[in-house]
Amino acid sequence: MTLIRITPSWQLPENQITPESGFLNRRRFMKSLIGAGLTASILPLTGCQSSSKVKNQDKFSGQEISNFTQNPNFAQVNRPVTSEDLATKYNNFYEYGGSKSIWQAAQALPLEDWKVEVSGLVKNPTTYDLDDLQKKFPLEERIYRFRCVEAWAMVIPWLGFPMRELMAAVEPNSQAKFVRFTSFYDPKITTGPGFWANGYPWPYTEGLTMAEMANELAFFAIGMYGKTISKQNGAPLRMVTPWKYGFKGAKSIVKIEFLQEKPATFWNTLVPDEYGFQANVNPTKPHPRWSQATERIVSNTPSFSWEKQPTLPYNGYGEYVASLYS
Ligand SMILES: Nc1nc2c(c(=O)[nH]1)N[C@H]1C(S)=C(S)[C@@H](COP(=O)(O)O)O[C@H]1N2
Ligand SMILES: [Mo]
């Protein structure tokens with residue numbers, strides 16, 4: 001096993017410290033304190049205790065999957081696949097903490113009796129359990145580029161099924177224009193960010209248009225690296241939309257709703273000018289606080305030495321998705 005050394009956040013230059021939490025200015029901080037009441041700040045302690053009772057692994061996280069095909073259209077990209085160690089130890093998952101090192105805290109996620117409710121403007125509302133999800137949709141592997149809005153990039157071999165297979169099963173009706181994805185949230189368990197995130201618009205939600213969801217690229221991952229997906233990467237089911245910034249990819253999904261109106265989403269509600277609903281990877285559209293022209297390839301070296309490469313429009317997937325936005 002390779003030993004990973006990720007530079008601790010206190011060693012990073014200022015511009016590399018978790019910019020997704022960087023908007024936390026004093027005004028918002030005060031607002032969240034007032035909104036939540038100071039007593040709520042003792043909650044994280046209770047959460048730590050309950051996490052030790054939860055089983056670390058079961059068949060829906062970290063177990064080998066054998067019955068999948070490799071999709072030949074997505075068998076490789078023009079850079080190496082990120083090591084599994086790195087992809088599972090450098091994460092954004094605010095429910096379990098505000099740093100990149102949340103993989104242990106995320107083991108508190110309880111997968112037992114998980115259900116995914118698919119509802120709203122559909123002909124066949126369905127609640128799936130995880131056995132249903134693994135059996136109903138043929139599984140394929142797709143190697144996709146991954147680009148966080150913070151400008152770091154990885155390459156991940158996902159296992160799962162196209163979102164449009166699920167659409168075909170539940171049959172959205174003609175009124176459905178948007179879909180909202182909701183992540184697992186339980187204030188006793190998802191205590192990671194601590195008191196500063198009280199008053200935030202939990203649970204984490206994201207959304208797509210119907211055309212985006214029906215696109216060939218849009219994918220539900222239930223696995224990665226040949227195994228059921230790790231908790232820190234969003235077990236048991238997460239969204240993968242490789243032409244969009246990573247924050248679009250809601251993890252640990254419990255609900256999928258087809259709607260007429262554009263849904264409010266987590267980051268867009270908090271910081272609308274930085275996290276647009278559309279949020280496609282775009283080198284010519286800078287984030288208000290940094291350029292998006294280049295990206296840094298996450299590797300096992302200290303982050304200041306990470307290789308810089310030009311950002312590609314739609315993260316290199318323009319041939320699949322550019323027509324959605326013309
Ligand atoms: N529920 C939930 N989903 C989430 C997040 C989160 O904080 N909570 N972070 C998002 C962001 S900002 C990114 S970059 C990706 C990170 O995915 P990874 O940890 O698997 O690389 O997850 C996205 N999905
Ligand atoms: Mo992100």
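## Where the ligand sits

Ligand 1 sits in the largest cavity, where sitting means that more than half of its atoms lie within 2 Å of the grid points. A cavity here is a set of points, on a 1 Å grid over the protein atoms alone, where a 1.4 Å probe fits but cannot get out, and lining residues have an atom within 4 Å of a point.

This is a predicted model, with pLDDT of at least 70 needed for local features and 80 or more for side-chain atom pairs, while totals for chains, interfaces and linings use all residues. Residues are numbered from 1 along each chain, chains are lettered from A and ligands numbered from 1 in written order, and side-chain values use heavy atoms, without hydrogens or water.

## Around the ligand

Let's look at the shell: 18 residues surround ligand 1 (a heavy atom within 4 Å), and Y94, E95, R238, G249 and K251 are the closest.

Polar contacts are pairs of N or O atoms within 3.5 Å. Oxygen atoms of ligand 1 lie 2.7 Å from a polar side-chain atom of K251, 2.9 Å from a side-chain N or O atom of N233 and 3.3 Å from a polar backbone atom of N92. The protein covers 99% of the 530 Å² of accessible area (Shrake-Rupley, 1.4 Å probe) that ligand 1 has on its own.

## The cavities

The largest cavity holds about 300 Å³ of space. Its lining comprises 24 residues, with N92, F146, R238, G246 and K251 nearest the centre.

The second largest cavity has a volume of about 80 Å³. Among its 13 lining residues, F146, T241, P242, K244 and G246 lie nearest its centre.

Note on methods
Polar contact = N/O pair within 3.5 Å; in protein donor to acceptor, adjacent residues only side chain to side chain. 1 Å grid on protein atoms, 1.4 Å probe; cavity = no way out; pocket = protein on both sides within 12 Å on 5 of 7 lines; lining within 4 Å. Points joined across faces, edges and corners; volume = space filled by probe spheres on them.
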